[in-house]
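Here is a short briefing for a first look. Keep the sequence and the 3D view open as you read.

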Amino acid sequence: MIAVDIDGTLLNPQFQISPADLAALRRANQQGVEVILVTGRRHTFAMPIAKQLGFDLHLISSNGAVTRSMQGKTFHRDLLPATTCRKLCTAMKKFRGNTVLTFDKETKGAIVLEHMDELGASIQKWLEKNSEFIEYVIPVEDSLTTDPVQVMFCGRIERMQRALATLAASGLDRDITVLRTEYLARDLSMIDVLNRDCSKGHALERWANFRGIPREQVMAIGDNHNDIEMLAFAGMPFIMGNAVEELRSNGWRVTLPNDQNGVAAAVDQALNS
């Protein structure tokens, strides 16, 4: 099995899959290796990428909260309890303008926020692409008529560092998982708050066990902080040449950057080993 992150890994800086990376994943699929996309994106927002691969696969989306087929069949969901989410919104009230709630549905209200004013330019582009799913609710807690997938705080890196400190002091650490994704060049940080013990790694382990594939035969490729648990689980972890510095201290193999077909280089190395 090959587990591949999307942003910063499979997608190059132009947000495209290179022909070489595409060919490598198709070659793996043809050789009987299962490919699974593992992403922080919502399932629907990851689907256009999955369709480009040209073969059937499953997606682990929302950083491990949802595992679902391309046909929409759900294998597992790990939602954040609404009661926990309300406590979180209260604890993080200073960051209301950076707060985004996501729900597991494909209608308006799948993404809920109070306003866009404090979100960075990069995330605003993402919101514009997802505009048909966005609902504005003040206060945001009024949208919690069902359990959300997650709460996301996003903005400039320095402000999100303050948000992380506030989260750490909230007393909710036993009820939640906090994952972060940073893009230094874009001064963009996203903090994803999910249910306790929910991560890409937990979801990948669950799927591999279901498929009867031992971790020694699982390869994972990632580039950011939210990939750590997935890489730690995989028997054959690769980090991208453009990976954040924190990932480089674990002794994991380093492939080429995402602008030099890093996924293809890693896949070819694995298939030929």
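The points below cover nonpolar cores, aromatic pairs and charges over rings in this predicted model.

**Nonpolar cores**
- The largest nonpolar core has 32 residues. Leu37, Met219, Ile221 and Val267 touch the most other members.
- Leu37 touches, among others, Val4, Ile6, Leu10, Ile49, Ala50 and Leu53, leaving aside residues up to four places away in sequence. Its contacts also include Leu57, His58, Leu59 and Ile60.
- A second, separate core holds 22 residues, including Cys85, Val140, Ile176 and Val193.

**Aromatic pairs**
- The count comes to three aromatic pairs.
- Phe75 and Trp207 pair edge-to-face, at 4.9 Å centre to centre and 85 degrees between the planes.
- This pair links distant parts of the chain. Phe75 lies in strand β5 (residues 74-77) and Trp207 in helix α7 (residues 200-211), 132 residues apart.
- The rings of Trp207 and Phe210 have centres 5.3 Å apart and planes at 35 degrees, so this pair is tilted. The two residues are three apart in helix α7, about one helical turn.
- Ring pairs join Phe75, Trp207 and Phe210 into a cluster. Trp207 is buried at 4% relative accessibility. Phe75 is partly exposed at 27%, and Phe210 is exposed at 53%.

**Charges over rings**
- The charged end of Arg42 sits over the Phe133 ring, 4.8 Å from its centre.
- Arg186 has its charged end over the ring of Tyr183, 4.8 Å from the ring centre.

Terms used: Residues numbered from 1 in each chain as written. Predicted model: local features only at pLDDT ≥ 70, side-chain atom pairs only at ≥ 80, totals over all residues. Heavy atoms only, no water. Core = buried A, V, L, I, M, F, W, Y, C linked by side-chain atoms within 4.5 Å. Buried < 20%, exposed > 50% of the residue type's maximum accessible area, 1.4 Å probe, protein only. Contact = heavy atoms within 4.5 Å. Phe/Tyr/Trp six-rings, centres within 6.5 Å; stacked < 30°, edge-to-face > 60°. Helix = DSSP H or I, 4+ residues; strand = E, 2+ residues; numbered from the N terminus. Lys NZ or Arg CZ within 6 Å of the ring centre and 35° of its normal.
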